[in-house]
Amino acid sequence: GPEGFVRRGMGWPGNLPSWEDALFLEAAAGTGAGKSMGGALRLLSYFESWPGARFMITAPTLDMFRTTTLIAIKDVFAAAGLVEGVLWEYYENHKELHYHNGCVAFCRATEEPELLVGTTCAGAWMDEAGRSPYKAFTNIVGRLRQQGYPHQFWATTTPVGRHHWTYWVWNHSAALEGGYVEEGQLADVPESGKYVLYQGKTAENPYGGSATDRRLRRLYGDNSLLARQELEGQFVLLEGLVYPKY
């Protein structure tokens with residue numbers, strides 16, 4: 001957790017495990033499961049391990065970035081004892097986050113994926129990836145080319161169904177078998193990268209997850225498709241998903 005960064009101090013990349021190149025991670029979990037906090041923790045760990053890295057952080061819109069992603073970053077950095085304005089700063093005018101050791105993160109929205117080009121980065125974090133288009137993902141991956149750094153991408157999201165790219169990119173074989181992605185759209189190319197999927201439940205978050213799960217499960221239905229998606233982090237068939245009417 002964040003307290004570990006405080007205990008170990010700054011500037012200790014040699015004490016950390018090596019970072020794998022071409023690693024693509026997805027945390028697909030329920031509402032309130034702590035996905036954005038986990039993404040921010042990994043961002044902090046990467047920054048401390050690789051001074052001078054350039055990064056891209058995205059959310060579906062800039063409003064969502066400010067109200068969700070940036071809040072998680074602020075909370076994690078504060079818990080680690082990193083004073084805003086001293087050891088890091090977010091510059092709203094330029095949409096950039098600057099870290100004390102030379103790391104820079106370009107903060108962007110995915111609603112206009114054609115604008116996510118031109119930069120050269122070491123890694124990227126896409127928050128709420130389920131609300132972002134596939135073109136944004138492919139454009140970002142094409143920017144992971146900063147030399148001398150491990151190229152990594154991680155996505156944090158609540159699942160949005162098996163027809164979405166966040167399912168079939170990380171579940172290639174199952175997606176092909178189920179017909180959720182056209183054959184040939186994704187190719188198994190040797191040494192093209194390692195894709196790892198983590199799934200989690202809302203109730204598993206020790207910081208209020210159980211209470212959130214109980215409130216929403218009462219609204220969604222205990223074993224409904226909506227509960228399985230929104231609370232258990234499962235990729236369900238959206239054709240059978242019925243949202244409550246209020």
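What follows is a friendly chat about the fold of this predicted model.

Colleague: Let's start simply: how many helices and strands does the protein have?
Modeller: The protein has eight helices and eight strands.

Colleague: How do the eight strands come together in a sheet?
Modeller: They form an open sheet with mixed pairing, in the order 3-4-5-2-6-7-1-8. From one strand to the next, the twist averages 15°.

Colleague: What makes strand 3 and strand 8 edge strands?
Modeller: Strand 3 (88-91) and strand 8 (194-200) each pair on one side only, so they are the edge strands.

Colleague: How do you know that strand 4 and strand 5 pair?
Modeller: Pairing takes at least two bridges between two strands. Three bridges join strand 4 (residues 96-99) to strand 5 (residues 104-109), so the two count as paired. They run antiparallel, and L97 has A105 in strand 5 as its bridge partner.

Colleague: Which strands does helix 3 lie across?
Modeller: Helix 3 (residues 62-79) lies across strand 2, strand 3, strand 4, strand 5 and strand 6, at about 125° to strand 2. Helix 2 (residues 35-49) also lies across several strands, including strand 1 (23-29) and strand 7 (152-157), and runs at about 160° to strand 7.

Colleague: What makes a residue count as buried here, and what share of the protein does?
Modeller: A residue is called buried because its relative accessible area is under 20%. Of the 246 residues, 49% count as buried. The accessible surface comes to about 12200 Å², with 52% of that belonging to carbon and sulfur atoms.

Technical notes
Residues are numbered from 1 along each chain as its sequence is written. This is a predicted model: local features need pLDDT of at least 70, side-chain atom pairs count only at pLDDT 80 or more; totals for chains, interfaces and linings use all residues. Side-chain values use heavy atoms; hydrogens and water are left out. Helices (H or I, at least four residues) and strands (E, at least two) are DSSP runs, numbered from the N terminus. Buried means under 20% relative accessible area, exposed over 50%, partly exposed in between (1.4 Å probe, protein chains only). Accessible areas come from the Shrake-Rupley method with a 1.4 Å probe; for residues, only the protein chains shown count as cover. Axes are lines fitted to C-alpha atoms, for helices over the stretch in contact, and angles run from 0 to 180 degrees between N-to-C directions. Contact means heavy atoms within 4.5 Å.
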